Amino acid sequence: MPTSHPPATARAAQRKLSKYRAKRDFGITAEPSGREPKGKAKGLAYVIQAHAARRMHYDFRLELGGVLLSWSVPKGPSLTPTERRLAVHVEDHPLAYASFEGIIPQGQYGGGTVVVWDRGTWEPEGDAEDGMKRGRLTFTLHGAKLRGRWHLVRTRLDDGKHENWLLFKGRDEFARESGEIVDELPESVVTGRTLDQVAADADAVWESNRAGAAPRS
Ligand code: MN
């Protein structure tokens, strides 16, 4: 077999991204198409993106099987173990999505502003593929903001289109009894910008492009 053939995982990952691609026009949005080569990373990637779309939410993503498993968490994560946060399972995203920060144009799927709120690596306890089938994942996060043990558990509540899961903190030295970390530390872990600053920066680029004589290539 020629060595240029992608490995089975890469082919499976491309199949898993069909739903993601169908929702987006990559000629308009700067989001990755999922055909980018995978960079070398240590461990499995973990990222949370704060996303000010029609409704504010946090996209929680874990690398598995060549894609980013993704959940949309309206309230964001809590460090308080009794705070079980709704996490709606959504379509797999490409690995390159983990570094996306910026603007999704209005009219495009998820139109709005995105910041990389936290990122790092994750370690599943046991077999994660099996955990996804059973609807129960226990794992350790090694992020800049979130650390320690976490749980994702599928609920029986189902709207027919999406699976509802619950995201919550395990009890360990990183757990807390009060406070909202998403409010205390709202900035991008990569650029230090807030959602409002990202939006303002994009407006500034837009204004300078309009004012400048240089046409966009
Ligand atoms: Mn989103």
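Biologist: What spacing do the donors of the manganese ion follow along the chain?

Modeller: The spacing along the chain is H-x5-H-x1-D. Please note that this is a predicted model, and the values I quote are computed from it.

Biologist: Which residues and atoms coordinate the manganese ion?

Modeller: His-51 coordinates the manganese ion through ND1, His-57 through NE2 and Asp-59 through OD. The distances are 2.2 to 2.3 Å.

Biologist: Is His-57 buried or exposed?

Modeller: His-57 counts as buried because its relative accessibility is 13%, and the cut-off for buried is under 20%. Asp-59 also falls in the buried class, because its relative accessibility is 7%.

Biologist: Let us turn to the pockets. How much space lies in the largest pocket?

Modeller: The largest pocket holds about 710 Å³ of space.

Biologist: How many residues line the largest pocket, and which lie nearest its centre?

Modeller: The lining has 29 residues. Those nearest the centre are Arg-54, His-57, Ser-72, Val-90 and Tyr-109.

Biologist: A change of topic: how many salt bridges does a search of the whole structure find?

Modeller: The search finds 13 salt bridges.

Biologist: Where in the chain do Arg-85 and Glu-180 sit?

Modeller: Arg-85 is in strand E4, whereas Glu-180 is in the loop between strand E9 (163-169) and helix H4 (181-184). The two are 95 residues apart, and the pair thus links distant parts of the chain.

Biologist: Which of the classes, buried or partly exposed, applies to Arg-85?

Modeller: Arg-85 is buried, because its relative accessibility is 4%. Its two partners are classed as partly exposed: Glu-83 has a relative accessibility of 32%, and Glu-180 has a relative accessible area of 26%.

Biologist: Which residue does Glu-184 meet in a salt bridge?

Modeller: The side chain of Glu-184 meets that of Arg-176, at 3.0 Å from N to O. Glu-184 is partly exposed at 44% relative accessibility, and Arg-176 is partly exposed at 30%.

Biologist: Which residues are linked in a network of salt bridges?

Modeller: One such network links Lys-23, Arg-24, Glu-31 and Glu-91.

Biologist: Now the aromatics. How many aromatic pairs does the structure hold?

Modeller: There are 9 aromatic pairs in the structure. One of them joins Tyr-46 and Phe-60 in a tilted arrangement, with 5.9 Å from centre to centre and 55 degrees between the planes. Tyr-46 belongs to strand E1 (residues 44-52) and Phe-60 to strand E2, so the pair ties together parts that are 14 residues apart in sequence. Both residues are buried.

Biologist: Why is the pair of Phe-60 and Trp-71 classed as it is?

Modeller: The pair is edge-to-face because the planes of the rings stand at 65 degrees, and the cut-off for that class is over 60. The centres of the rings are 6.4 Å apart. Trp-71 lies in strand E3 (residues 67-73), 11 residues from Phe-60, and both Phe-60 and Trp-71 are buried.

Biologist: Which residues do ring pairs link into a cluster?

Modeller: The cluster consists of Tyr-46, Phe-60, Trp-71, Trp-122, Phe-139 and Trp-165.

Biologist: To finish, how many helices and strands does the chain have?

Modeller: The chain has 5 helices and 9 strands. Along the sequence the pattern is α-α-β-β-β-β-β-β-α-β-β-β-α-α. Of its 217 residues, 41% count as buried.

Biologist: Where is the place of Arg-11?

Modeller: Arg-11 is in helix H1, residues 8-16, and is partly exposed with a relative accessible area of 40%. Arg-11 and Gly-66 are 55 residues apart in sequence, with 9.0 Å between their C-alpha atoms.

Definitions and conventions: Residues numbered from 1 in each chain as written. Predicted model: local features only at pLDDT ≥ 70, side-chain atom pairs only at ≥ 80, totals over all residues. Heavy atoms only, no water. 1 Å grid on protein atoms, 1.4 Å probe; cavity = no way out; pocket = protein on both sides within 12 Å on 5 of 7 lines; lining within 4 Å. Points joined across faces, edges and corners; volume = space filled by probe spheres on them. Donors = N, O, S within 2.8 Å, 3.2 Å for Na, K, Ca; no water. Buried < 20%, exposed > 50% of the residue type's maximum accessible area, 1.4 Å probe, protein only. Salt bridge = Lys/Arg side-chain N within 4 Å of Asp/Glu carboxyl O. Helix = DSSP H or I, 4+ residues; strand = E, 2+ residues; numbered from the N terminus. Phe/Tyr/Trp six-rings, centres within 6.5 Å; stacked < 30°, edge-to-face > 60°.
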